[in-house]
Amino acid sequence: MNKIEKRLHFLLGKVKEECKKVKKLSDYELKNKTNEFKRRLAEGETTDDLLPEAFAVCCEADYRVLGMFPYDVQILGGIALHLCYLCEMNTGEGKTLTATMPLYLNGLTGKSSILVTANEYLAIRDAQEMGQVYKFLGLSVEAGVKRDTNEKLDNESKKDVYDADIVYTTHGALGFDYLLNNLVHSKEDRFMRDFYFVIIDEADSVLLDSASMPLVISGSPRVQSNLYGITDFFVTTLVEDVHYEIEDKKVWLTNKGIEYAKCYFRIENLYSKENFDVLRHIVLALRAHFLLEKDIDYVATDQGEIVLLDKSTGRKMKGMKLRGGSHQAIEEKEHLKLSQEQRSVASITYQNLFNLFPKMSGMSGTIKDGKEELLEVYNKRVVVIPPRKPMIRKDMPDKYFKTSEEQFDAVIQETVKRHKTGQPVLLIASLISDTEMLSKLLVQENIEHSVLNANNAFWEAEIIKEAGQKNVVTVATSMAGRGTDIHLGPGVKELGGLCVLGIGRMSNTRDERQARGRAGRQGEPGVSIFYTSLEDDVCTILGEDFLEKYIDKGRYISKRRIKKLINRSQKIKDESSVFQRKSSVDYDSVMKRQRTIMYKTRNDLLDGKSLDENALIEIYKRNIDEYVKEHKKMDDFTMNRYILDNLSYRIKELSVPSKNRKEYLKQYADIAFKDKKQLLGNRFPEYCRLCTLKALDDGWIEEVDYLQQLQAAISGRSTAQRNLLYEYQREARLSFRDMEKSIKKAMIRNILLGEVSFGKDNEMIILYP
């Protein structure tokens, strides 16, 4: 037993001692413990000091309200979560009840305690069921999502949610709420408290599988580009390994490809600043054609829309679009009408979102396999909580086939054989297209079945609950119905329990363990078998030429060789995903530094921090210095143009004009500044603050949008043997400097040229230039 396990078991002993005491308390006395704990926290005790007593109170409340007293392993898991570890708990061990103890303890602090889970169904279900316990103990609980995903919460409703002691929500909703909370225009509109404690359910799916896809909020549309069509056609004329290369889910032009592009677009330097847009559109078209696959990464609907697919869940991500023009590039590839390209106004990755919490923990049935990466990226240790009962599920050796036809045939034969005995069968595939194929084959065999394609988490949960009943056959993607218990029906144990048949080697071993874990919960019988072939999605990494030799041309290949190739493909795919996630962290760390500076400055302004007038005067003088430096041969027309655009809408001769144009402009600015200050009187500081906030927001939106585009376009520089991250950091540093200058110019322009009126309640209304 290591040091961590010893501490967990020591605290478990303390909790069990306290459980004996609280058992004797009346309901009133038990509820009153919450007030006692809050008072003791206010007097200086810590949550660690209260842990044994608070956990015991929550255990007793779980029993009295829900009729479920947490097992020792659940208490162990709860302690580990409070101590901010990532817990591996086997599927079916009761993670929902485990979370009640640390959420109650941290909810006593009056700070935010949040549990994020995989989908809306689980968040709403757990908030309702477990919420009974918290309400019994005097704490408030809210769900941060609605059953109807189209029904949006307004800011007032969100404020009620995040003011609750305990919040259940999804990782996507939390991330977008964080970004939206930092886009509000007044402090009254803010709805989030500072982050404190979070538990991430299905933590491996969130922190690893979904980590490389940033959350992006899109705002006003940008002027639609006319380059999509011409670059799409250009890309269709390219030859692989001659004009472009593909490696590790990246694609770039070769030297020959660059020369061809220069000739095709009649430009001298593809990488010059004036040709940035052409390069960006070429990269977007390359990715659309050679990295993003139809029915794997996206589907084209009958309504002529591109709908993205979440690879880790198989779920259709309705309403979500790829950023930076990638979505329009796919639409062009599929010959669909182009949707409006949106400007990115805010962005964050899950890595940086959850690293904002002082206390972060998580739980999953399969997190141990990613422990090295989790330690490196999040500085989090993984603790394995032992199952309450020994696992007796039989995990049979994988079956290997050359073609998908043989593979599917074997799966259907096994399903028919087990279905005849009455044993329930759950077929799990990675791809939606595979579930549809399985469904067609089952129809041919006259076998009734349900198909879950991760489209609706609410009714999927109801169907998956029944997957353990006699004679039931269910086809599902790997994430459909995740988090829902599958209970065995009468007589199923005698038949060997639930049979899980996995189709296709998955991208990593964690997904496969998750699939197997649907059977054999809490010491029940079960069986799992995986059927793999050289035509599995992971094997595309071996290359078309290699696979063609054995599949299309029918060359002999031994089962042992197939096994070796499939295992190697999965390993490469997994390593590639790890690299991609690390790369995502590195790229977003650049945005993180900028975001931290901007959000702090913005919050200071929202909270009423006044601006030093001398600093503002210094800014407009520096603006003039830079302008004069850029326009050394300034005539009267140029000078008057600067005045009209930046200082005043009226040209007037100064009573003491200076022969020095720079000094003349500074005198002009001084007078305009004093006039505005005199006009607004004691409201002038508030006016300056609002003008600065507007300039800050406009500048930051441009910067976020530029960095999103830059990250996409910069991959084309790999042919020049440059370090892409270094290139990105250098460009981002320069653009941040440019943004600072543009904000300073805009804030002075807003202050000097802004038109002020006052609405009801004397509210200041500003018409910006």
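Modeller: Start with N471, which sits in the loop between helix 20 (457–465) and strand 19 (473–477). Keep in mind that this is a predicted model.

Biologist: Why does N471 count as partly exposed?

Modeller: Its relative accessibility is 44%. Buried means under 20% and exposed means over 50%. N471 falls in between, so it is partly exposed.

Biologist: What is the phi of N471?

Modeller: Phi of N471 is near 70°, a positive value in a residue that is not glycine. Most residues other than glycine have a negative phi. N379 also has a positive phi, about 55°, and is not a glycine either. N379 lies in the loop between helix 17 and strand 14 (382–384).

Biologist: Is N379 called buried or exposed, and why?

Modeller: N379 has a relative accessible area of 62%. The cut-off for exposed is over 50%, so N379 is exposed.

Biologist: Now K368. What makes it partly exposed?

Modeller: Its relative accessible area is 35%. That value lies between the 20% and 50% limits, so K368 is partly exposed. K368 belongs to the loop between strand 13 (359–364) and helix 17 (371–378). Leaving out residues up to four places away in sequence, K368 touches E88, V382, V384 and R513. K368 and V345 are 23 residues apart in sequence, and their C-alpha atoms are 36 Å apart in space.

Biologist: And E331, a charged residue: how do you know whether it is buried or exposed?

Modeller: E331 has a relative accessible area of 4%. Buried means under 20%, so E331 is buried. E331 lies in helix 15 (residues 326–333). Its contacts, not counting residues up to four places away in sequence, are I306, L336, K337, L338 and S339.

Biologist: What makes helix 21 (residues 509–516) mostly covered?

Modeller: Six of its eight residues are buried. They are R510, D511, E512, Q514, A515 and R516.

Biologist: On to helix pairs. Why are helix 2 (residues 27–42) and helix 3 (residues 47–66) called roughly antiparallel?

Modeller: Their axes cross at roughly 160°. Angles over 145 degrees count as roughly antiparallel, so helix 2 and helix 3 get that label. The axes come within 11 Å, and the crossing is left-handed. Helix 2 makes the contact with D27, L30, K33, E36, F37, R40 and L41, and helix 3 with T47, L50, E53, A54, V57, E60, A61 and R64. By class, that contact has seven nonpolar, one polar and seven charged residues.

Biologist: Then why are helix 23 (residues 559–606) and helix 28 (residues 724–753) called roughly parallel?

Modeller: They pack at an angle of about 20°. D586, Y587, V590, R593, Q594, I597 and M598 of helix 23 meet L724, L725, Y728, Q729, A732, F736, M739 and I743 of helix 28. This contact has 11 nonpolar, two polar and two charged residues.

Biologist: How many aromatic pairs does the whole structure have?

Modeller: A search finds 21. Take Y134 and Y168: their ring centres are 6.4 Å apart and their planes stand at 35°. The limit for a pair is 6.5 Å between centres; stacked needs under 30 degrees and edge-to-face over 60. Y134 is buried at 0% relative accessibility, and Y168 is buried at 1%.

Biologist: What makes the pair of Y264 and F265 edge-to-face?

Modeller: Their planes are at 65°, with ring centres 5.1 Å apart. Over 60 degrees counts as edge-to-face. Y264 is partly exposed at 28%, whereas F265 is buried at 15%.

Biologist: Which residues form one aromatic cluster?

Modeller: Y178, F195, Y350, F354, F357 and Y599.

Terms used. Residues numbered from 1 in each chain as written. Predicted model: local features only at pLDDT ≥ 70, side-chain atom pairs only at ≥ 80, totals over all residues. Heavy atoms only, no water. Axes fitted to C-alpha atoms, helices over the stretch in contact; angles between N-to-C directions. Helix = DSSP H or I, 4+ residues; strand = E, 2+ residues; numbered from the N terminus. Parallel < 35°, antiparallel > 145°, perpendicular 65-115°, else oblique. Left-handed = near helix turned anticlockwise from the far one by under 90°. Contact = heavy atoms within 4.5 Å. Nonpolar A, V, L, I, M, F, W, Y, C, P; charged D, E, K, R; others polar. Phe/Tyr/Trp six-rings, centres within 6.5 Å; stacked < 30°, edge-to-face > 60°. Buried < 20%, exposed > 50% of the residue type's maximum accessible area, 1.4 Å probe, protein only.
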